[in-house]
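Trainee: I am new to this structure and would like to learn how to read it. Please take me through it feature by feature.

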Amino acid sequence: AEIVAQNFGSLPRAMLTLLQFMTLDSIAGIYFPLIMAKPVLFFFFAPILWLMGVALMNLVAAIFVENALQLAEEEADLQSNRTKQKAKDALP
């Protein structure tokens with residue numbers, strides 16, 4: 001009851017708590033007392049924590065992969081241009 005009022009008592013507090021959940025930042029202090037008071041809340045928090053963690057890691061991985069693919073494409077274009085220039089320079 002006190003933990004709910006403390007973290008979800010107003011709209012700004014609720015938004016900060018949800019941001020804390022999204023970033024997985026010290027959220028054990030929020031969900032652990034609630035689960036100890038009402039164990040059925042485990043079935044609410046477990047999927048949320050799992051999905052948010054997986055979604056956040058997928059987002060980070062997607063950014064790295066996209067940047068790597070973009071760099072590889074730029075490198076391939078640069079190599080193609082170098083090859084074309086060498087071929088031009090080799091002709092009389």
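Trainee: Which residues of helix α3 are buried?

Mentor: Buried means under 20% relative accessible area, exposed over 50%, and partly exposed in between, with a 1.4 Å probe and protein chains only. Helices (H or I, at least four residues) and strands (E, at least two) are DSSP runs, numbered from the N terminus. In helix α3, residues 28-37, the buried ones are Ile-30, Leu-34 and Ile-35. Seen down the axis of α3, these buried residues fall within an arc of 110°, so they line one face of the helix. The arc is that of the directions from the helix axis to the C-beta atoms.

Mentor: A word on the source: this is a predicted model, in which local features need pLDDT of at least 70 and side-chain atom pairs count only at pLDDT 80 or more, while totals for chains, interfaces and linings use all residues. Residues are numbered from 1 along each chain as its sequence is written, and side-chain values use heavy atoms, with hydrogens and water left out.

Trainee: What covers the buried residues of α3?

Mentor: The cover includes α1 (2-8), α2 (11-22) and α4 (42-90), where contact means heavy atoms within 4.5 Å.

Trainee: How many aromatic pairs does a search of the whole structure find?

Mentor: A pair of aromatic rings is described by the distance of the centres and the angle of the planes. Rings of Phe, Tyr and Trp (its six-membered ring) pair if their centres lie within 6.5 Å; planes under 30 degrees apart count as stacked, over 60 as edge-to-face and the rest as tilted. The search finds 4 pairs. One of them is stacked: Phe-21 and Phe-45, 5.8 Å centre to centre with 20° between the planes. This pair links distant parts of the chain, with Phe-21 in helix α2 and Phe-45 in helix α4, 24 residues apart.

Trainee: Is Phe-21 buried or exposed?

Mentor: Phe-21 is buried, with a relative accessible area of 4%. Phe-45 is buried too, at 7%. The rings of Phe-45 and Phe-44 have centres 5.2 Å apart and planes at 75°, so that pair is edge-to-face. Phe-44 is partly exposed, at 47%.

Trainee: How many helices and strands does the chain have?

Mentor: The chain has 4 helices and 0 strands. Its C-alpha trace spans about 85 × 25 × 15 Å along the principal axes. Buried residues make up 13% of the 92 residues.
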